Amino acid sequence: MDFYTDNEWSFIQTMNGLLILDKPAGVTSHDVVSLVRRATGEQSVGHLGTLDPMATGVLPLLLGKYTRLAQFFGQADKHYTGTIRFGFATDTYDADGVPAGEVRPLEYSLDGLRELAKGFHGVMEQVPPIFSAKKIDGTPAYKLARQGKEVKVKPARITIHNFELTGLEGDTASFVMHVSSGGYVRSVAHELGQMAGCGGHLASLRRTQAGPFTLADAMTVEQLKEYATAEVIARYLPHPRTLLPEIPAVTADEASAGRLRNGMAANLPEFSNSQLVKIFTGPRELVGVGRRIAGTLIQPYVNLG
């Protein structure tokens, strides 16, 4: 990696932050993590919410010490656009799977499909695909399915805030969806195909937003490969104070920050009525997340050192 200057390399080795990538089709989320490790030199990298290989779009990744903050990002809603092809189902519920059952013509108009789609709204129990990362006795369901074993995935409670079919061309319908964390768009495509009587599967999927992060914030993999310098990457890292906006932020003096870094409690400036607080020592220097003990007395909860 001799294309970095000495100052850039020093920055890269200690890179902490959140990078939002626009994942291309045909690669796994783990592949993207490996790419970011190679491009940045930072070995501590973790993604926030897996995207299937065929899917594209927003994939937030935590770098460096910020990987310790992953627990606070787990329940974000997701926004998608995509297409559903009717006529046959697949074993994975998407275009990467093997066709299951005979091909049948779609006999519904767009308006008819929209009527069926009205059932996918609000709080509901959803059965995840057997080819998914859902754990069964500690083993991902897809591993058991690939071994030919019987897979019984428990339903999960999700919320679909919006599911709208926006068009129909031949046997393929386009859609937009806003769904809670844990929701599988593939399952919706599969179930809608069953309701239509001809089967169906997810033909394409693009995540346009994950939590507060949108495609407008994202760096493409091509940009990462071609312009992977500290200066360029830093421009794509959101300001630390904008992350986790639901947790208030305070600025600690050096003495208090030192106590917190050493695992001891400290009194901090007053903040809003919240049990958790982000602790900074300057505009960007995030010490970690603290938990209120009483009043303004805070104990370290996640320490970034």
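Reader: Which strands does helix H8 lie across?
Author: Helix H8 (residues 254–261) lies across E16, strand E17 (276–280), strand E18 (286–294) and E19. The helix runs at about 55° to E19. Axes here are lines fitted to C-alpha atoms, for helices over the stretch in contact, and angles run from 0 to 180 degrees between N-to-C directions. Helices (H or I, at least four residues) and strands (E, at least two) are DSSP runs, numbered from the N terminus.

Reader: What kind of model is this?
Author: This is a predicted model: local features need pLDDT of at least 70, side-chain atom pairs count only at pLDDT 80 or more, and totals for chains, interfaces and linings use all residues. Residues are numbered from 1 along each chain as its sequence is written, and side-chain values use heavy atoms, with hydrogens and water left out.

Reader: What does the protein chain hold in helices and strands?
Author: There are 8 helices and 19 strands. The C-alpha trace spans about 70 × 50 × 40 Å along its principal axes.

Reader: In what order do the strands of the open sheet of 5 come?
Author: The order is E15-E17-E18-E19-E16, and the pairing is mixed.

Reader: Why do E15 and E16 count as edge strands?
Author: Strand E15 (249–251) and strand E16 (266–267) each have a single partner strand, so one side of each is left without a neighbour in the sheet.

Reader: How do you know that E16 pairs with E19?
Author: Two strands pair if DSSP finds at least two bridges between them. E16 and strand E19 (residues 297–303) are joined by 2 bridges and run antiparallel. That count meets the cut-off, so they pair. Ala266 stands opposite Ile298 in E19.

Reader: Why is Leu260 called buried?
Author: Buried means under 20% relative accessible area, exposed over 50%, partly exposed in between (1.4 Å probe, protein chains only). Leu260 has 2%, so it is buried. This residue lies in helix H8. Leu260 touches Ala266, Leu268, Ile279, Ile298, Gln299, Pro300 and Asn303, not counting residues up to four places away in sequence. A contact needs heavy atoms within 4.5 Å.

Reader: What makes Thr56 buried?
Author: Its relative accessible area is 16%, so Thr56 falls under the 20% limit. Thr56 lies in strand E3. Its contacts include Lys23, Leu51 and Leu205.

Reader: How much of the whole chain counts as buried?
Author: Of its 305 residues, 46% count as buried. Residues 24 or more positions apart account for 68% of the contacts with a separation of 6 or more.

Reader: What makes a nonpolar core?
Author: A nonpolar core is a set of buried Ala, Val, Leu, Ile, Met, Phe, Trp, Tyr and Cys residues joined through side-chain atoms within 4.5 Å. The largest here has 46 residues. Val36, Phe86, Phe163 and Phe175 have the most contacts inside it. Helix H2 (residues 29–40) gives the largest share of this core, 5 residues. Apart from it lies another core of 21 residues, among them Leu48, Leu244, Leu276 and Leu286.

Reader: Which residues of strand E4 are on its covered face, and which on its uncovered one?
Author: In E4 (residues 78–86) the covered face has Lys78, Tyr80, Gly82, Ile84 and Phe86. The uncovered face has His79, Thr81, Thr83 and Arg85. In a regular strand the side chains alternate between the two faces of the sheet.

Reader: How many bridges join E4 to E11, and how many to E12?
Author: 8 bridges join E4 to strand E11 (residues 172–179), running antiparallel. Tyr80 stands opposite Met177 in E11. 9 bridges join E4 to strand E12 (residues 200–210), also antiparallel. Phe86 stands opposite Gly200 in E12.

Reader: How many aromatic pairs does the structure hold?
Author: It holds 4. Rings of Phe, Tyr and Trp (its six-membered ring) pair if their centres lie within 6.5 Å; planes under 30 degrees apart count as stacked, over 60 as edge-to-face and the rest as tilted. Phe73 and Phe213 are 6.5 Å apart, centre to centre, with 35° between the planes, and the pair is tilted. Phe73 and Phe213 are 140 residues apart in the chain. Both are buried.

Reader: Why is the pair of Phe120 and Phe163 called edge-to-face?
Author: The ring centres are 6.1 Å apart and the planes stand at 90°, so the pair is edge-to-face. Phe120 sits in the loop between helix H3 (110–117) and strand E7 (122–126), and Phe163 in strand E10 (residues 156–169). Phe120 and Phe163 are both buried. Ring pairs link Phe120, Phe163 and Phe175 into a cluster.
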